[in-house]
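Keep the model open as you read.

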Amino acid sequence: MGGSLYEGRIALLDKLNEAFCRAKSLVLQYALCNPWDFFFTGTLDRTKFNRYDLDEYQQKLSQFIRDKRKAYGTQVQYLLIPEHHEDGAWHVHGLLSGLPDGVLRRFRRPEPWKLVNSNYMNWPDYQQKFGLCSLGPVKHPVATSFYITKYVSKELSLRGKDVGKHLYFHSRPLKKAEHLLSGRRLRLRHSPL
């Protein structure tokens, strides 16, 4: 009987590992196949939001983005990966595009000095709804695409009560890699000249 329990655990770990690999691959595809304007880090202010409820944050953020698309008249797109703070609260890293220039502003005091003295921008609409955020321009799209996959972690795929939930979330529609050609390898004969 112990063997079947062991085999069940191995099967679950295999399934989680496959989901992790699939998620990492899709994040890379979405990152590489779409134009992104900003690398985004978003936090949750404990006075405005339950920082430990990822499902609620995802639902509220999706609605927030839909509302901003209407208000801005642009197609705001996102690819976000949740990450735990040391205390277990959530924040996100990801990519954004479609934000009009007028909705962002430079950081200023009393905001964190390292952000005031940087090239990062603030998105006041997000900050008012959720908490502090920073947006840096994407200068090297391919490098940024590979960098963002580091946030899809195995730790995240094994997160207790959240096992089986998405390791990332994204707006729709986003492009992903297309399969262009399949078949078998052909062996070519070389004829002597």
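Q: How many residues does the largest nonpolar core have?
A: The model is predicted. Phe40, Tyr57, Leu61, Leu99, Trp123, Tyr126 and Leu135 have the most contacts inside the largest nonpolar core. In total, this core has 26 residues.

Q: Which element gives the most to this core?
A: Strands E1 (38-42), E2 (77-84), E3 (90-97) and E6 (133-137) each supply at least two residues, and so does helix H2 (54-72). With 6 residues, the top contributor is H2.

Q: Which residues does Leu61 touch, leaving out those up to four places away in sequence?
A: Leu61 is among the residues with the most contacts inside the largest core. Beyond its sequence neighbors up to four places away, its contacts are Leu80, Tyr126, Phe130 and Phe169.

Q: Within what arc do the buried residues of H5 fall?
A: Helix H5 spans residues 141-148, and its buried residues are Thr144, Ser145 and Ile148. Viewed down the helix axis, they line one face of H5, because their arc is within 105°.

Q: Is Cys133 buried or exposed?
A: Buried means under 20% relative accessible area. Cys133 has a value of 2%, so it is buried.

Q: How many disulfides does the structure hold?
A: A disulfide needs two cysteine sulfur atoms within 2.5 Å. Cys21 is partly exposed at 42% relative accessible area. The number of disulfides in the structure is 0.

Technical notes:
Residues numbered from 1 in each chain as written. Predicted model: local features only at pLDDT ≥ 70, side-chain atom pairs only at ≥ 80, totals over all residues. Heavy atoms only, no water. Core = buried A, V, L, I, M, F, W, Y, C linked by side-chain atoms within 4.5 Å. Buried < 20%, exposed > 50% of the residue type's maximum accessible area, 1.4 Å probe, protein only. Helix = DSSP H or I, 4+ residues; strand = E, 2+ residues; numbered from the N terminus. Contact = heavy atoms within 4.5 Å. Arc of directions from axis to C-beta.
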